[in-house]
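Please keep the sequence and the model open while reading.

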Amino acid sequence: MTVPLTLLGLLEREPSHGYDLKRHYDTFFGRGRPLPFGQVYATLGRLARDGKVVVGDSEPGGGPDRKRYVITELGATEVNTWLTEPVEAEPHLQTVLFAKVVLALMLGRPAEEYLDAQRAAHMRRMRELTEIRRAGDLADSLLADHGLFHLEADLRWIDLTAARLDKLAAEVRS
């Protein structure tokens, strides 16, 4: 998910001030990674420069005057295109996990130890995500499930690779 397109989508819903956009972004998409105010306003500046938003009249607020941002037709078209195009499936044919295992084998280092350490790190993260799923709202639960499913796939790969490590080592060293 890209920040500019997400902010455009929030603006398509309703014209908003930068502060409100940040609050909505953090509520729905931030999930432990709040968007810095500087990034919000820098992104809005680029969107305005590119003709995807316009800045409405300034309104007095508790601090500096507040600008209301409004999406343009160009911005709405970009959001529509983004929402209707599927995300490209990533084949993950050259992952960091794979690269570390192969390099460990090439360098004569214990790839089994790396796989064991990675398995333990995945299990810790799975416990964290399981707790988030239990205690969180529906959005948190769905995001935790997404992460858990990816970690489960990685764990299956780790187990399969560990079982084939001798054969892979022979191929890598030949």
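The protein chain has eight helices and three strands. Along the sequence these elements follow the pattern α-β-α-α-β-β-α-α-α-α-α. The radius of gyration is 23 Å, well over the 16 Å that the globule rule gives for 174 residues, so the protein chain is more spread out than a compact globule. The model is predicted, and local features are taken from residues with pLDDT of at least 70.

**Overall dimensions**

- Taken along the principal axes, the box filled by the C-alpha atoms of the protein chain is roughly 70 × 35 × 30 Å.

**The sheet**

- The three strands make an open sheet with antiparallel pairing, in the order E1-E3-E2.
- E1 and E2 are the edge strands, each pairing on one side only.
- Strand E1 covers residues 16-17 and pairs with strand E3, residues 66-71, over two bridges in the antiparallel sense.
- In this pairing, serine 16 stands opposite tyrosine 69 of E3.
- Strand E2, residues 53-59, runs antiparallel to E3 and is joined to E3 by five bridges.
- Valine 54 has valine 70 in E3 as its bridge partner.
- Serine 58 stands opposite lysine 67, also in E3.

**Helix H1 against helix H3**

- Helix H1 (residues 3-13) packs on helix H3 (residues 37-49) at an angle of about 80°, and their axes are 10 Å apart.
- Angles of 65 to 115 degrees count as roughly perpendicular, and H1 and H3 are therefore roughly perpendicular to each other.
- On the H1 side the contact involves Val3, Pro4, Leu7, Leu8 and Leu11, which meet Gln39, Val40, Thr43, Leu44 and Leu47 of H3.
- Sorted by class, the residues of this contact between H1 and H3 are eight nonpolar, two polar and no charged.

**Helix H1 against helix H2**

- The axes of H1 and H2 lie 10 Å apart, and the two helices pack at an angle of about 110°.
- H1 and H2 are therefore roughly perpendicular to each other.
- Their crossing is right-handed.
- From H1, the residues Val3, Thr6, Leu7, Leu10, Leu11 and Arg13 meet Leu21, His24, Tyr25, Phe28 and Phe29 of H2.
- The contact of H1 with H2 counts eight nonpolar, two polar and one charged residues.

**Helix H2 against helix H3**

- Helix H2 spans residues 18-30, and its axis comes within 10 Å of the axis of H3, crossing at roughly 120°.
- H2 passes H3 in a right-handed crossing.
- H2 contributes Gly18, Tyr19, Leu21 and Lys22 to the contact, while H3 contributes Phe37, Val40, Tyr41 and Leu44.
- By class, this contact of H2 with H3 holds six nonpolar, one polar and one charged residues.

Notes. Residues numbered from 1 in each chain as written. Predicted model: local features only at pLDDT ≥ 70, side-chain atom pairs only at ≥ 80, totals over all residues. Heavy atoms only, no water. Pairing = 2+ DSSP bridges. Helix = DSSP H or I, 4+ residues; strand = E, 2+ residues; numbered from the N terminus. Axes fitted to C-alpha atoms, helices over the stretch in contact; angles between N-to-C directions. Parallel < 35°, antiparallel > 145°, perpendicular 65-115°, else oblique. Contact = heavy atoms within 4.5 Å. Nonpolar A, V, L, I, M, F, W, Y, C, P; charged D, E, K, R; others polar. Left-handed = near helix turned anticlockwise from the far one by under 90°. Rg over C-alpha atoms; globule rule 2.2 N^0.38 Å.
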